[in-house]
Amino acid sequence: MAKKETEVRPVVSILGTPVKTFYGPEDLPDFDYKTNLNDPGEYPFTRGVYSTMYRSAMWTMRQYSGQSTSESTNERFKYLLKNGQTGLSLAFDLPTQIGLDSDMPLAEDDVGKLGVAVDTLDDFERIYDGISLDGISTSFTINATAPIILAMYVLVAQKQGVETKKLRGTIQNDILKEYIARGTWIFPPEPSIKLVGDLVEYCNKEMPRFNAISVSGTHILEYGANTIQAVALAIAIAEVYIREVLKRGSDVDQIAPLFSFHLPIGGRNFNFLEDIARLRGARRYWARLLKEKYGAKDKRSMQFRFSTGGMGGGLTAEQPLNNIARAAYYAMAAVFAGTRSLNLACFDEVYAIPSDLAIRTSLRVQQILANETGVADVVDPLGGSYYVEALTNEMEAKIGEIIAKIDSEGGIVKQIENGTIQRELAMQSYTLQKRISSGEKVLVGVNKFQIKEEEKDLEVYKTDPETINRQLQRLKAAKANRDEGKVQDTLKQLAAAAARNENIIPHLFEPLKAKATIGEIIETLKKVYGTYKEPTTV
Amino acid sequence: MNTKKIIRVLIAKIGLDGHDVGAKVLIYWLRDQGMEVIYTGLRQSPEQVVEVALQEAVDVIGVSILSGSHVEIARKLMKKIRERKLDDVLVLFGGTIPKDDIALLKNEGVQGVFPSHSKLEDISTFIKDKVKLAEA
């Protein structure tokens, strides 16, 4: 009788398939290097969008920050630059994100809380005081009010003497996921998609080095999507925007290179190799999609360029320093997957927006990875691994499957409008939570390896309570010093342009120069576009 | 009369915070525990929430806030609750809440505080204990 086999722990992949104990050549039938992989920088870009990747330029280390008033954000930006950060990433407070001024009803409790408060162009200008816009790129996490923030960026650059054409950076400008996951919508989907298109069209003409859109899978993941759904939904959403711009007569090779993605790494469903394979598979899916479905000819249109966000959702309130280790694994997975830029959630983010220490530690995690580990020395070092390539194939196929299912059910916009997708993902989140509660899904410090004794409290960031008063005074002063007639005139012209269905970006400059507030501009546009009403989602 | 009462809960998002998956997870859980749960949707004011609580005769108001504005919002909500004489309603807060702020919320009259990553069982047990006590 044969010796009894050692008992093997069963493992199931995120795709629901059983995972073998090892992989070999039989897992890659019909594998062809040129078709499946090809060299980095070559179609279908499985191994990376550029040929030399981190040997020519390290990924951009870009920690998300923005707080309180423009002065204090300016200080934190300078602090991060002094510590070796290579790009900026600006967080706005909620009123700014949903088009309310600091003095409007419902706004006061959130002024300067999750990011910087911006009411007028003056606030925006102060954020960049002493920081030259031709030397640094900024990523803006802004969606519903993205056209206004872009216009402010252009105006501040002009004032600094920097040509619009030279501006670099990324603006999120991805409104559809806000209806699913993050809730900073203003207008209904249809005019909102039109505004996304306006921004892409404007950047195509005026700001060729700027990523006009960063379709985000991160928030969708936090909302309950699994890692593969988060990428598939982001691509389905990107296609809505592509169609919007194409229908205006743009050529796919003009606009596709302006698209970038912000994708999650980590979170409660994190799996090191699956996540790497998922992003490699997504690169190949996108390349084929753009070439075969949209007829792209330019290589740049087919390059799936993404930044990654190391997800806070995977971090725990218990034993918070463990989160530094989690973030380090997320970072390494992102680098193996070929990210171009990385933001890591900080160890104290379960409690508040990060402290200086926490944000610096996240930056150091990245710097250690880049400088001390050697992982950035060879492009796609996992390429050719039987397991990784088999998974990459599966992931690419699954992305296609998810998108085809959405399309067959009327498309992503319809699913958002009737709340189907929100319900499905929230229910998944609930199921995962129950698996954690039952201990089936292990979370160190939460349902395994807990400690009894009360831990020392972390020193968390606290918003300066004077923020609101300072911002209100400033807004009052800005309103007192402006020409009211000019504000009203320029807003009227903006409303007329919106009613004529023109691209609104060029019509935002005059109201902003006249010191119209973001709230006033949004109120003006609401009269044309209407206001979104949430469907019932539970 | 000792008819078994079904606990009625209102889960509310007050302020501008749009992160509501935690609220929804809790809604599913409380429903699975046999409670009746109503959800306000996003961007509600304390006044709106108190009005719904009155109309729906709820036993519990659970407020989810991840934007850091929980203390200010608790102050406003509790004031409205007192004005409308809803003192019997059990008020819970959950979300991104630093440990130091738990005492601040309790000072405002919030009875239960459940920061992010609290166990679902702890929340439902807390509700069942408190609401039962009030009925006894």
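Helix 15 of chain A is followed by A:Gly410, which has a positive phi near 105°; helices (H or I, at least four residues) and strands (E, at least two) are DSSP runs numbered from the N terminus. The model is a predicted one, in which local features need pLDDT of at least 70 and side-chain atom pairs count only at pLDDT 80 or more, while totals for chains, interfaces and linings use all residues. Residues are numbered from 1 along each chain as its sequence is written, and chains are lettered from A and ligands numbered from 1 in the order in which they are written.

Helix 15 comprises the 23 residues 386-408 of chain A. The expected span of a helix is 1.5 Å times one less than its number of residues. For helix 15 of chain A this gives 33 Å, and the end C-alpha atoms are 33 Å apart, which agrees. Buried residues of this helix include A:Val388, A:Leu391, A:Met395, A:Ile399 and A:Ile406; a residue is buried if 20 or more other C-beta atoms lie within 10 Å of its own, exposed if 12 or fewer, and partly exposed in between, with C-beta atoms placed from the backbone. An α-helix has 3.6 residues a turn, so residues three or four places apart point the same way. Also among the buried residues of helix 15 of chain A are A:Glu389, A:Thr392, A:Asn393, A:Glu396 and A:Lys398. The cover over the buried residues of helix 15 includes helix 9, helix 11 (272-293) and helix 16 (412-417) of chain A.

The loop between helix 14 (356-372) and helix 15 of chain A holds A:Asp380. A:Asp380 is not a glycine, yet its phi is positive, about 45°. A:Asp380 counts as partly exposed because it has 19 C-beta neighbours inside 10 Å.

An open sheet of five strands in chain A has the order 1-10-9-8-7, with parallel pairing; two strands pair if DSSP finds at least two bridges between them. Its edge strands, each pairing on one side only, are strand 1 (60-61) and strand 7 (213-216) of chain A. Strand 9 (residues 306-310) of chain A pairs with strand 8 (residues 259-265) of chain A over five bridges in the parallel sense. Across this pairing, A:Leu263 has A:Thr308 as its bridge partner, and A:Pro264 stands opposite A:Gly309. Strand 9 also pairs in the parallel sense with strand 10 (residues 341-344) of chain A, over three bridges. There the bridge partner of A:Thr308 is A:Leu342.

Strand 9 of chain A is mostly covered, with five of its five residues buried. In a regular strand the side chains alternate between the two faces of the sheet. In strand 9 of chain A, A:Phe306, A:Thr308 and A:Gly310 point one way, whereas A:Ser307 and A:Gly309 point the other way.

Helix 9 (residues 227-246) of chain A lies across strand 7 and strand 8 of chain A and runs at about 165° to strand 8. Axes are lines fitted to C-alpha atoms, for helices over the stretch in contact, and angles run from 0 to 180 degrees between N-to-C directions. The largest nonpolar core has 193 residues, of which A:Leu199, A:Val200, A:Ala234, B:Val60 and B:Ile61 touch the most other members. Such a core is a set of buried Ala, Val, Leu, Ile, Met, Phe, Trp, Tyr and Cys residues joined through C-beta atoms within 7 Å. Helix 9 of chain A gives the most to this core, 13 residues. Leaving aside neighbours within four places in sequence, the contacts of A:Leu199 include A:Ala146, A:Leu150, A:Ile171 and A:Ile505; two residues are in contact if their C-beta atoms, placed from the backbone, lie within 7 Å.

Between the chains, 31 residues of chain A are in contact with 32 residues of chain B. On the side of chain A that touches chain B, helix 3 (94-97) and helix 17 (420-438) of chain A are the elements that give two or more residues. Helix 17 of chain A gives the largest share of that side, six residues.

In chain B, the loop between strand 2 (36-39) and helix 2 (46-55) contains B:Arg43. The phi of B:Arg43 is positive, near 60°, in a residue other than glycine. In chain A, a cis peptide bond with omega of about 5° joins A:Tyr43 and A:Pro44.
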